[in-house]
Amino acid sequence: MKQLRIKVLVGLFVVAGILAWAGARLWDSFGTLPGVPVAAPIVLALIAAVLAATAVSLRARLRAQRERRPGAKGVDPLVAARAVVFGQASALVASLVAGLYGGVGVFLVTAGVDGARRTQAVYAGFSVLAGAAVVAAAIFLERVCKLPEGEDDGEGPGAART
């Protein structure tokens with residue numbers, strides 16, 4: 001499994017942001033621009049929290065397994081691999097969604113901020129921050145599940161190939 005590349009995530013964010021900004025400009029010229037839902041940053045923040053909690057849990061279990069603590073609950077390599085895939089998929093989607101909301105937010109700020117648009121711009125800004133939190137949590141999860149150097153036989157503790 002290949003590692004996440006920051007350049008790919010940033011590229012997705014920038015391209016989605018530019019397209020969303022242009023689309024928001026076009027859509028606004030025809031009438032009303034759809035609003036940024038208040039649930040967007042909440043859902044992204046929940047995904048970031050789940051990814052971070054999974055990473056912390058797996059890190060503790062892997063550490064206990066490496067230190068051979070009595071009663072340590074091991075980590076199935078398939079579970080670790082699934083967690084990494086979930087994290088990578090979440091990071092890709094979050095960078096895309098954050099770019100979309102970022103582009104709409106930039107349009108709202110540059111087009112003039114009145115009462116309703118100010119609220120929409122704030123929601124868009126929080127969505128971008130929550131998307132960045134998802135990406136950070138996914139990268140942390142990927143680092144936690146990375147196979148240590150020298151354990152290429154697949155027999156080590158938490159031998160999840162990432």
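Guide: Let us begin with contacts, meaning heavy atoms within 4.5 Å. Among contacts in the chain between residues at least 6 apart in sequence, 80% join residues at least 24 apart. This is a predicted model, in which local features need pLDDT of at least 70 and side-chain atom pairs count only at pLDDT 80 or more, while totals for chains, interfaces and linings use all residues. Residues are numbered from 1 along each chain as its sequence is written, and side-chain values use heavy atoms, with hydrogens and water left out.

Visitor: Which elements make up the chain?

Guide: Helices (H or I, at least four residues) and strands (E, at least two) are DSSP runs, numbered from the N terminus. The chain has four helices and zero strands.

Visitor: What radius of gyration does the chain have?

Guide: The radius of gyration is taken over C-alpha atoms, and the globule rule is 2.2 Å times the number of residues to the power 0.38. For a compact globule of 162 residues the value would be near 15 Å, but the chain has 20 Å. The C-alpha trace spans about 65 × 25 × 20 Å along its principal axes.

Visitor: How is a nonpolar core read, and which residues of the largest one touch the most other members?

Guide: In soluble globular proteins, nonpolar side chains tend to be buried together. A nonpolar core is a set of buried Ala, Val, Leu, Ile, Met, Phe, Trp, Tyr and Cys residues joined through side-chain atoms within 4.5 Å; buried means under 20% relative accessible area, exposed over 50%, and partly exposed in between (1.4 Å probe, protein chains only). Here the largest core has 23 residues, and L4, L51, L58, A91, V134, L141 and C145 touch the most other members. Helices α2 (39–66), α3 (77–110) and α4 (115–144) each supply at least two residues of this core, with the largest share, eight residues, coming from α4. Apart from it lies another core of 10 residues, including V36 and Y101.

Visitor: Where are the salt bridges, and how many does the structure hold?

Guide: A salt bridge is a side-chain nitrogen of Lys or Arg within 4 Å of a carboxyl oxygen of Asp or Glu. The structure holds two. R117 pairs with D28, their closest N and O atoms being 2.7 Å apart; this pair links helix α4 to helix α1 across 89 residues. The other joins R143 and E142 at 3.0 Å, N to O.

Visitor: Is E142 buried or exposed?

Guide: E142 counts as buried because its relative accessibility is 2%, whereas R143 is partly exposed at 43%.
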